[in-house]
Amino acid sequence: MTTEYLAIHNGSLIARGDLESVVRKSKSRAAGIEPVVMALDTCKRIEVDWQGDVESVIARLSAPSRRGRPKLGVTSREVTLLPAHWEWLATQRGGASVTLRRLVDAAIKNATAEEQLSIQQNQLYKLLSLFADAPGFEEAARAMYRNSRSGFIVATKSWPVDVRAVLLEKFDAFHTPSN
């Protein structure tokens with residue numbers, strides 16, 4: 001499955017699709033614009049260096065990261081634990097990193113419906129916050145956290161149709177059987 005991306009500039013959806021096509025469409029719009037790019041499934045912001053032509057922007061996106069283990073997508077970060085926690089982790093098969101990854105994977109896999117809903121709402125809020133200056137933003141955020149579809153629709157009624165469609169698509173994903 002390919003990740004779908006969005007490019008948003010000045011409150012408008014300017015491109016949607018795979019990352020390369022989003023870059024190409026964005027660069028063809030107008031010189032000098034630097035839209036925000038987000039992965040649609042997680043609403044995680046993708047940092048894009050927009051300097052140069054289309055091919056150089058795409059080449060930089062596919063350049064491997066220098067930190068961590070790039071083939072595995074591993075990144076190094078600091079974890080602060082109490083001494084007893086470090087002692088327990090030291091006794092686990094595979095060491096601290098493997099044990100922590102295993103615990104996190106289990107927590108993700110066994111998340112309650114309430115936890116999953118909270119994760120999805122927080123993801124949608126990342127996308128929604130790009131429109132924080134739009135009329136009805138606060139009402140839309142409140143409706144989202146209340147899980148009020150009708151309130152969400154009313155709050156975003158003056159927003160561009162394509163933006164509303166994407167936001168409502170994410171909102172409706174809260175209620176799909178796979179979630």
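1. Contact here means heavy atoms within 4.5 Å, and on that basis residues 24 or more positions apart account for 47% of the contacts in the chain with a separation of 6 or more. The model is a predicted one, in which local features need pLDDT of at least 70 and side-chain atom pairs count only at pLDDT 80 or more, while totals for chains, interfaces and linings use all residues. Residues are numbered from 1 along each chain as its sequence is written, and side-chain values use heavy atoms, with hydrogens and water left out.

2. On overall dimensions, the chain has a radius of gyration of 20 Å, whereas a compact globule of 179 residues would come near 16 Å; the radius is taken over C-alpha atoms, and the globule rule is 2.2 Å times the number of residues to the power 0.38. Along the principal axes, the C-alpha atoms fill a box of roughly 55 × 45 × 30 Å. The accessible surface of the chain is about 11900 Å², and 54% of it belongs to carbon and sulfur atoms, the areas coming from the Shrake-Rupley method with a 1.4 Å probe, with only the protein chains shown counting as cover for residues. Of the 179 residues, 28% count as buried, where buried means under 20% relative accessible area, exposed means over 50%, and partly exposed lies in between (1.4 Å probe, protein chains only).

3. The secondary structure comes to eight helices and four strands, these being DSSP runs numbered from the N terminus, with helices (H or I) of at least four residues and strands (E) of at least two. Read from the N terminus, the order of the elements is β-β-α-β-β-α-α-α-α-α-α-α.

4. S1 runs antiparallel to S2, to which five bridges join it, and antiparallel to S3, to which four bridges join it; two strands pair if DSSP finds at least two bridges between them. Tyr5 has Gly17 in S2 as its bridge partner, and Ile8 stands opposite Val36 in S3. S1 and S2 form a hairpin with two residues between them, and Asn10 in the turn has a positive phi of about 50°.

5. Helix H1 (residues 19-29) has Leu19, Ser21, Val22, Val23 and Ser26 as its buried residues, and what covers them includes strands S1 (5-9), S2 (12-17) and S3 (36-39) together with helix H2 (54-62). Ser26 counts as buried at 1% relative accessibility, and, leaving aside neighbours within four places in sequence, Ser26 is in contact with Ala7, Ile14, Ala15, Ile33, Pro35 and Trp50. At the start of H1, a side-chain oxygen of Asp18 reaches to within 3.2 Å of the backbone nitrogen of Glu20.

6. Two residues further along can be read together with their surroundings. Leu81 has its place in the loop between H2 and helix H3 (83-90) and is partly exposed, with a relative accessible area of 28%. Its C-alpha atom is separated by 40 Å from that of Ile58, 23 residues apart along the chain, and, not counting residues up to four places away in sequence, Leu81 touches Trp86 and Leu89. Thr99, found in helix H4 (residues 95-109), counts as buried at 2% relative accessibility; with the same exclusion of residues up to four places away, Thr99 touches Trp88, Leu89, Gln92 and Arg93.

7. The structure holds five aromatic pairs, a pair being rings of Phe, Tyr and Trp (its six-membered ring) whose centres lie within 6.5 Å, with planes under 30 degrees apart counted as stacked, over 60 as edge-to-face and the rest as tilted. Phe131 and Trp159 form a tilted pair, 5.6 Å centre to centre and with 35° between the planes. This pair links distant parts of the chain, 28 residues apart, with Phe131 in the loop between helix H5 (113-128) and helix H6 (137-146) and Trp159 in the loop between helix H7 (149-155) and helix H8 (161-172). Both Phe131 and Trp159 are buried.

8. Phe152 and Phe171 form a stacked pair, 5.0 Å centre to centre and with 20° between the planes. Phe152 lies in helix H7 and Phe171 in helix H8, so the pair ties together parts that are 19 residues apart in sequence. Phe152 counts as buried at 1% relative accessibility, and Phe171 is buried with a relative accessible area of 1%. Tyr125, Phe137 and Tyr145 form one aromatic cluster.

Technical notes: Polar contact = N/O pair within 3.5 Å; in protein donor to acceptor, adjacent residues only side chain to side chain.
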